[in-house]
Amino acid sequence: MLAQSHPAAAASAGLAFTVVGHGVLRPVTPDDFSELSARLPSVLSGDWSVAALEASPYRQRVLVKDDAPSILLGFAEFYLVADECHLLEIAVWTELQGKGLGKQLLTAVLDEARAEGCTLCLLEVRRSNAPACALYERAGFVVVGTRREYYPPLEAGGAREDALLYSLNLT
Ligand SMILES: CC(C)(COP(=O)(O)OP(=O)(O)OC[C@H]1O[C@@H](n2cnc3c(N)ncnc32)[C@H](O)[C@@H]1OP(=O)(O)O)[C@@H](O)C(=O)NCCC(=O)NCCS
């Protein structure tokens, strides 16, 4: 069962906020880049330099403490196209995992997508990423395909890894 979320205090200086349990989802601002650049490489592969964060064409969101919006708890990156949401990244800081924050983050992203008319959410994940697969499956996502050897090896000399393609109907 997903945590209940409810929209609150929308559109303050162009920033839409959504209250979700103990966390609040808000857009990333330039003030967040330095901390995100320091934190993200420990939870997500890829280039998370300040320059890369600045250049991203995607929607970037952070889950923050509801009473302290400068305290970052997690991050998500996604884009909306037509009536589809494509979730690219979702992460909770290592020391905060397993406390329901990933579920809050995912719920808030899906709420935002739904509010903008999306009827479907799609994502890819490494087959071996059990915590992420559990998060998505608990939220109702189903595997609709496999991309063989989609991901590079996690370790030098390792094998490439399949991606599971997950889908969730948002209607
Ligand atoms: C995936 C991730 C975001 C989950 O965040 P989290 O805050 O730990 O997840 P939650 O505590 O909200 O748990 C959500 C659900 O997944 C399940 N889950 C989470 N981690 C799990 C694990 N290691 N094993 C089994 N189930 C797990 C929980 O039991 C929960 O289900 P429930 O509601 O039925 O109890 C987090 O592990 C993470 O940041 N991983 C690194 C980044 C990553 O791999 N992102 C995904 C690819 S982009």
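A residue is buried if 20 or more other C-beta atoms lie within 10 Å of its own, exposed if 12 or fewer, and partly exposed in between, with C-beta atoms placed from the backbone. Helices (H or I, at least four residues) and strands (E, at least two) are DSSP runs, numbered from the N terminus.

The model is predicted: local features need pLDDT of at least 70, side-chain atom pairs count only at pLDDT 80 or more, and totals for chains, interfaces and linings use all residues. Residues are numbered from 1 along each chain as its sequence is written.

**Exercise 1. Check the length of H3 against its end-to-end distance.**

Step 1. Take the rule: the expected span is 1.5 Å times one less than the number of residues.
Step 2. Apply it to the 15 residues of H3, which gives 21 Å.
Step 3. Compare with the end C-alpha atoms: they are 21 Å apart, so the two agree.
Step 4. Look at cover: 11 of the 15 residues of H3 are buried.
Step 5. Look past the helix: just after H3, Gly-117 has a positive phi of about 95 degrees.

**Exercise 2. Describe the shell around the ligand.**

Step 1. Set the cut-off: a residue is near if its C-beta atom, placed from the backbone, lies within 6 Å of the molecule.
Step 2. Of the 21 residues around the ligand, Gln-97, Gly-102, Lys-103, Pro-131 and Ala-134 come nearest.
Step 3. S6 (84-92), H3 (101-115) and H4 (130-138) each give two or more residues to the shell.
Step 4. H4 gives the most, with 6 residues.

**Exercise 3. Is Ala-82 buried or exposed?**

Step 1. Locate Ala-82: the loop between S5 and S6.
Step 2. Count: 8 other C-beta atoms lie within 10 Å, so Ala-82 is exposed.
Step 3. Note the backbone: phi of Ala-82 is near 50 degrees, a positive value in a residue other than glycine.
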